[in-house]
Amino acid sequence: MTEVYEEPTRIVTHYFDNLADAVEALEATERLSLGVRLHNRTTPETEPDGTEVLAEEWVVEVYDAPPIESEDDSEDDEESSDDE
């Protein structure tokens, strides 16, 4: 019998302007046994004097369940650690 894996459903996405707040959100998801995806990106912002700058923001996507690592993913991790 083949197991059917369903992708976790995204519950909410949070945007933070600093890493400390993003880490706090990660710790909260861990306590609740939820899944999470973290990445950062740059976005254009306009300063009060009218100049445009790139600002870094941290994106935390919260899912209803942690993702399940496939066997292929774990093999890739083992190979990369062997290279070090």
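Modeller: In this predicted model, the side chains of Glu 61 and Arg 10 form a salt bridge, with a distance of 3.5 Å from N to O. Glu 61 belongs to strand β3 (residues 52–63) and Arg 10 to strand β1 (residues 10–16), so this contact ties together parts that are 51 residues apart in sequence. The two partners can also be described by their accessibility. Glu 61 is buried because its relative accessible area is 8%, which falls under 20%. Arg 10, at 48% relative accessibility, counts as partly exposed.

Glu 61 also meets the side chain of Arg 37 in a salt bridge, at 3.3 Å from N to O. Arg 37 lies in strand β2 (residues 35–46) and Glu 61 in strand β3, so the pair ties together parts that are 24 residues apart in sequence. With a relative accessibility of 43%, Arg 37 is partly exposed.

A further salt bridge joins Glu 57 and Arg 41, whose closest N and O atoms are 2.5 Å apart. This pair links distant parts of the chain, as Glu 57 is in strand β3 and Arg 41 is in strand β2, 16 residues apart. Glu 57 is buried, at a relative accessible area of 15%, whereas Arg 41 is partly exposed, at 37%.

Through salt bridges that share partners, Arg 10, Arg 37 and Glu 61 are joined into one network. A search of the whole structure finds three salt bridges.

Terms used: Residues are numbered from 1 along each chain as its sequence is written. This is a predicted model: local features need pLDDT of at least 70, side-chain atom pairs count only at pLDDT 80 or more; totals for chains, interfaces and linings use all residues. Side-chain values use heavy atoms; hydrogens and water are left out. A salt bridge is a side-chain nitrogen of Lys or Arg within 4 Å of a carboxyl oxygen of Asp or Glu. Helices (H or I, at least four residues) and strands (E, at least two) are DSSP runs, numbered from the N terminus. Buried means under 20% relative accessible area, exposed over 50%, partly exposed in between (1.4 Å probe, protein chains only).
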